[in-house]
Amino acid sequence: MQPILCPLCRQNDTLPVWRKTYGDLQVTTVLCRSCGLVYHNPVVQDSDRERLGLTHRQLHTNEAINQRHRRRVQQRVDRQADFLAPIIRPSWQTLEIGCGLGVFSDWLHRQGCEVVGIEPDSQQAAYAREHYGIEVINDRFEEIAITSGFDFIASSHVIEHFPAPLAFLQKVRSLAKPQAWLFLETPNILAPKVGPRRVFSLPHNYYFSPQTLTALLAQAGWHVEKMRVFRRDSFQLVARTAPAQPAVTDGLHAREVLQAIRRHRWVYYLYLLFLWRKIPLWQRKWMYRFQDYLS
């Protein structure tokens with residue numbers, strides 16, 4: 001574990017919001033008072049998790065490759081396809097970081113794109129190759145050397161895992177063509193889907209709001225063009241290459257994030273979200289209703 005400054009604003013003015021012990025590993029989650037980013041500090045490295053004997057799947061999906069898991073992945077990809085269909089163009093060179101079972105990469109392929117996937121879990125990488133014929137690099141994104149020149153790069157529910165998200169976005173930027181597109185989806189700290197005891201977890205180092213991720217993208221040379229925010233769970237965005245911008249801090253947003261964290265601790269139980277969130281009809285009609293925002 002490594003103590004860090006806030007990756008977004010480089011300040012060290014934080015408020016602890018959660019603590020939990022995993023074996024001999026004490027994880028503290030903090031809110032940056034300057035900008036509102038929520039993260040583990042000290043940051044948790046993969047070596048810390050591996051020391052606990054946890055596999056890649058236990059750290060991420062913690063699910064076997066079965067019908068239930070495939071159905072959940074397909075539902076997520078269907079929502080992503082609805083968001084991205086107006087953007088994707090045939091013949092694009094595309095890259096998916098953390099391609100998992102290959103369902104989203106297969107959708108890109110069916111749109112006429114050339115697709116390369118990166119997936120550190122060997123079983124999921126093998127599944128993507130065997131079932132969809134996807135070219136998959138079975139390795140960690142931080143450790144690979146790959147030729148640049150992609151028109152479109154996607155990474156769904158991945159950025160929150162990295163110990164250094166700005167470095168991740170900068171490396172992604174180095175692989176992009178001029179005017180390339182980036183798609184990200186990540187959990188929304190302002191409207192979590194899971195219960196208060198599960199919001200902050202060992203696998204996730206960072207807990208973004210739409211504002212904090214937009215600001216981090218700007219530092220890495222990405223400009224958000226469109227964002228889709230669901231009522232609960234997550235938000236999606238597409239960004240294009242742009243000149244890198246300095247960090248912009250907002251103490252008011254930090255207070256908004258803190259209020260959302262505290263409110264979720266009682267709203268989740270008062271409104272029986274622990275029951276409603278599991279009902280498919282409620283998911284479609286309420287939880288995944290969205291608001292789109294254009295740059």
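Two strands are taken to pair if DSSP finds at least two bridges between them. Strands (E, at least two residues) and helices (H or I, at least four residues) are DSSP runs, numbered from the N terminus. The model is predicted, so that local features need pLDDT of at least 70 and side-chain atom pairs count only at pLDDT 80 or more, while totals for chains, interfaces and linings use all residues. Residues are numbered from 1 along each chain as its sequence is written, and side-chain values use heavy atoms, with hydrogens and water left out.

With strand β10 (residues 222-230), β11 pairs in the antiparallel sense over seven bridges, and Val224 stands opposite Ala239 in β11. A hairpin is formed by β10 and β11, with three residues between them; in its turn, Asp233 has a positive phi of about 100°. Strand β8 (residues 176-187) also pairs with β11 in the antiparallel sense, over seven bridges, and here Phe183 is placed opposite Val238 of β11. Seven of the eight residues of β11 are buried, so the strand is largely enclosed by the rest of the structure. Buried denotes under 20% relative accessible area, exposed over 50%, and partly exposed the range in between (1.4 Å probe, protein chains only).

An open sheet is formed by four strands in the order β1-β2-β3-β9, with antiparallel pairing.

Surface patches comprise residues with over 30% relative accessible area and no salt bridge, like charges being joined within 9 Å and nonpolar side chains (Val, Leu, Ile, Met, Phe, Trp, Tyr) within 5 Å. A salt bridge is a side-chain nitrogen of Lys or Arg within 4 Å of a carboxyl oxygen of Asp or Glu. A nonpolar patch consists of Leu272, Leu275, Trp276, Ile279 and Leu281, with about 450 Å² of accessible area together, computed by the Shrake-Rupley method with a 1.4 Å probe. Ile279 lies in the loop between α10 (273-276) and α11 and counts as partly exposed, at 37% relative accessibility. A positive patch is formed by Arg231, Arg284, Lys285 and Arg289. Of these residues, Arg284 belongs to helix α11 (residues 280-287) and is exposed, with a relative accessible area of 55%.

How values were computed:
Lys, Arg positive; Asp, Glu negative; His and termini not counted. Charge placed at Lys NZ, Arg CZ, Asp CG, Glu CD.
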